[in-house]
Amino acid sequence: MSEDFSVRVKNLTKRFGDFVAVNGVSFEVGKGEIFGYLGANGAGKSTTIRMLCGLLSVSSGEAEVAGVDVVHRANAVRHAIGYMSQKFSLYLDLTVAENLEFFGGAYDLFGRAFRARRDAVMRDLELDALSSELTGSLPGGLRQRLALACALLHAPPVVFLDEPTAGVDPAARRKFWRVIRRLADGGTTIVVTTHYMDEAEYCDRVGLMVTGRLAALDTPECLKRTFVPGRMYEIQGASVIELEQVAKDLSLLDIEPFGAALHVRIAKDGPNVESLKRELTGRGVRVTNVSDAEVTLEDVFLTVVGGAQKPKTAPREAKVS
Amino acid sequence: MRRFLRRTTAVAHKEVLHIIRDSRAVYLALGLPVVMLMLFGYGISQDVDHVPLAVADLDRTPASRHLGEALVAGGDFVREADLASPDDAEAAFRSGRVKAVLVVPRGYGRELARGVSTRAQLLVDGSDGTTAAIAMGDAAGILQAASLGRSAVASLSQGPRIRVRFNPAMRSTYNMVSGVIVLILAMVASLLASLTIAREWERGSMEQLFATPVGRVEILLGKLVPYAGLGFVQTLLVITLGSYMFDVPIRGSLVTLFGASLLFLLAMLGTGLLASVIAKSQLVAVQFAMLLSYMPVAMLSGFMFPIENMPGWLQAISMAVPGRYYLTALRGVLLKGNDLAVVAGDLVALAVFSVALLSLAVWRFRRRLA
C-alpha cells in the first residue's frame, strides 16, 4: 500500500450483537497529519480508535496502521503506535518517574536508550520538575501530559488520542495542543477524538461521526463552506421568537442562540449588515446590534447532526439531516 | 526471550511498587496470619479443660476422696462446691454451675479394696455435645487409672495398650496450627492475586497495558512473582510462629516443607488470578476467589472435618482440593518427619494443580477489550 498514508481504513465495521457501533467507515490519514475525529458520545469514535490500536476485534473491513494490517496482525502494531485512552489510566500510586519507567519497560526501552527518551519527552512536555511527584497528586492537565509522555516514549510514528483533553482546563488544553502541533510538525501522525469544537479547529482534517457513520470528512474550512453556506450574522437584542416570525420574509436559514446573542445564517446573496438591520427594525423587531460572525465547526456539527441536537446529546436519538 | 524477561520484570517491578505503596496488602499478608494463628491456636482449642465438676461423695473414705482429686489433678476438671446428694445434680446442671458431677456411692472404698467392680458414676451435661464427649473420654482414662492403682484384680482384666504416636499428648493445637497454615496461605494468596488483575480492569489501566507490546503471559507472570515472594515470607512467618508459639515440632526437612508450601502457594495464586481474569471487578473477583480457594480448604481439606467421615462423592470432590494434599504433606513433614519420598505424591499433585490453574488463567486472559 501507499507510503504516504499512516492510517488507511476501508469499510471498517464493528458490531456488538445487533448494535452497529461503527458502520462502514473509510478514511486515510497522511504522514504528519492531525486528523480530528468528531462526534457525540457513543457515535463510534472510541470504538474506531480501539480497533485501530488492536484493542477490539474488527467485524469487517480493512485497516492498516503504520504499514501493519491491524485486522489480522493486531499484536504487530503495538510497537508502532502510542495510545492515550479516554479514561486516565496511568498508575496514581506511582510517581511520574515510575510511571515513565514502567511504560518504558513495556515498550522494550531500557538503560541508556530509555533514559535518553525519557529526558527528551519530559523536556518536551515540561514535566522535568515533577519526576518524584505521586501521579495521584497532580492536577488533571499535568496528568494528561504525563499520559501523553508515556504514550510517546517509544517515539511511535502514529499516535491515537482518545479525548485527551476531557476535563482539562482551557490553559492546559491550549498547551497540550501546542505539543500536538509540534509533534505533527516533526512527522508524527496524530489521530485525535474530541467533542470540543474549538479544538477541532486545530486539526488539519476533521471527520464527523454520527451514529457509527462518517457523515463528513474535510478540512475545517471546507466543512464550513459545504455544510454552512451563506453568511453568518450575530444579532443582539432580539429573541428567537421574534426572529422566527420574520424568518421567511428575510430568508433566514438558521437561528441559533450564541451566548447572549443569536447567530443567524442567511443565504450568500442575502442582505448585508446594514440592510439586515434596516429590514429587521422595519418589521418591528428591536435589535441593539447586528454584526458579522464567523462560522464555527459547532455550526457545522449542528447542521450535520441535524436541527437542534447539541453535541452532547445521545447519538442514537440524533437524526442525520 | 530477553525482551520477554525484561517486560516481565517491568510488570513485576511496578507490582512491587503497588504493594509497597498500598500497605494494606502487606498488613493482610503478614498481620492476618498472626491474628488467625492466635485465634485458632489459643481461642479455638479442641482440648477440653477446666470443666466445672461437683462431687457428691456418699462414701467419704480416703479412696472416694482420691477419686475426686484425681479428676481435678490433670487440669481437665475444676472442683466446684460439693453436692450433698446425687439428687442435686439436676439443679446444678440446669443452673449451668457445673458440667459434670461425680457420684461416689456408699461402700465404694470397701468394694475397691475387695477388688470387685465399683459403681462410681460420672454425670455429664450433654447439652454441650463437644465438651461432654471429650470430658467423658478424659474422665474415663483418669477414673480407670485411679481405680487401677488401687486394685490388683482390675489390672488383670485390662485391654490392649493404646499408645498415640507423633502426638502422644493428643494436643489439638498440632492439628489446628497445621490446618491454619493451609487456611491462611489459601486465603491471603488467592485474595491478593484476585485483586491485582481486576484492579487494572477497574482503573482502566488494562486498556493502556494492552496497547503496549506487553503480552498476557508477561502480565500474569509479572504479577505472580512479587505475590509469590510475599507469600513465601508469609509462609516463613506462619511456620515459625506456629512452632514457637504452640511448640509444633518440625521433624522433617525444611526444604521439603518450603517446597510443598511454594507449590501450594502457586496453586492458590493461580486460583486468585483465574478469578481476577474472569471477574474484571475487584468485588466479584474477591468473592469468587474465596469461593474457589478458602471454602474448599476449610471444608474439604480434612482440616475441620475428617475426610474419612465424608460420603464417597464428597471424598471424590476433595481430591480436587489442593489444600488436601498440602495438609497431608505439611502434617507429614512437621509431625511425622516424613521425607521427600513419602510426600512426593502430594508434591506432584500440588505441582499439577499449580500448572493447571495458572495455565487456565493465561488461557482465559484475553488481551482484547471485547
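Predicted model: local features only at pLDDT ≥ 70, side-chain atom pairs only at ≥ 80, totals over all residues.

Analyst: In chain A, which has 321 residues, buried residues make up 45%. The secondary structure of chain A comprises 10 helices and 14 strands, and its C-alpha trace spans about 75 × 45 × 35 Å along the principal axes. Of the contacts in chain A with a separation of 6 or more, 68% join residues 24 or more positions apart.

Chain A is divided into domain 1, residues 5-218, and domain 2, residues 230-308. Their C-alpha centres are 38 Å apart. Where the two domains of chain A touch, nine residues of domain 1 are in contact with six residues of domain 2. On the domain 1 side, the elements of chain A that supply two or more residues are α6 (197-200), β9 (205-210) and β10 (213-218). The largest share of this side, three residues, belongs to β9(A). In composition, the domain 1 side has eight nonpolar residues, one charged residue and no polar residue.

The account now turns to the nonpolar cores. The largest nonpolar core has 166 residues, and those with the most contacts inside it are A:Ala149, B:Val182, B:Leu185 and B:Ala189. Helix α8 (residues 172-203) of chain B provides the largest share of this core, with 19 residues. Apart from this core lies another, of 24 residues, which includes B:Leu53, B:Val98, B:Leu112 and B:Ala139. Returning to chain A, and leaving aside its neighbours within four places in sequence, A:Ala149 is in contact with A:Leu100, A:Val121, A:Met122, A:Leu125 and A:Leu127. In soluble globular proteins, nonpolar side chains tend to be buried together.

The contact between the chains takes 25 residues from chain A and 22 residues from chain B. On the chain B side, α1 (2-21) and α9 (205-210) each supply at least two residues. Helix α1(B) gives the most to that side, with eight residues. The residues of chain B that touch chain A divide into nine charged, eight nonpolar and five polar.

In chain B, domain 1 consists of residues 2-44 and 171-364, whereas domain 2 covers residues 51-156. The C-alpha centres of these two domains of chain B lie 48 Å apart.

Chain B contains an open sheet of four strands in the order β2-β1-β3-β4, with mixed pairing. Its edge strands are β2 (77-79) and β4 (121-124) of chain B, each pairing on one side only. From one strand to the next, the twist averages 30°. Strands β3(B) and β4(B) pair in the antiparallel sense over four bridges, and B:Leu102 has B:Leu122 of β4(B) as its bridge partner. Helix α3 (residues 62-73) of chain B lies across β1 (51-57), β2 and β3 of chain B, at about 160° to β3(B).

B:Arg106 lies in the loop between β3 (100-104) and α5 (108-114) of chain B. Because B:Arg106 has 13 other C-beta atoms within 10 Å, this residue is partly exposed. With neighbours within four places in sequence left aside, B:Arg106 is in contact with B:Leu58 and B:Asp59. B:Arg106 and B:Leu58 are 48 residues apart along the chain, yet their C-alpha atoms are separated by 5.0 Å.

Terms used. Residues numbered from 1 in each chain as written. Chains lettered and ligands numbered in written order. Buried ≥ 20, exposed ≤ 12 C-beta atoms within 10 Å, placed from the backbone. Contact = placed C-beta atoms within 7 Å. Core = buried A, V, L, I, M, F, W, Y, C linked by C-beta atoms within 7 Å. Nonpolar A, V, L, I, M, F, W, Y, C, P; charged D, E, K, R; others polar. Pairing = 2+ DSSP bridges. Axes fitted to C-alpha atoms, helices over the stretch in contact; angles between N-to-C directions. Domains from an automatic or database assignment.
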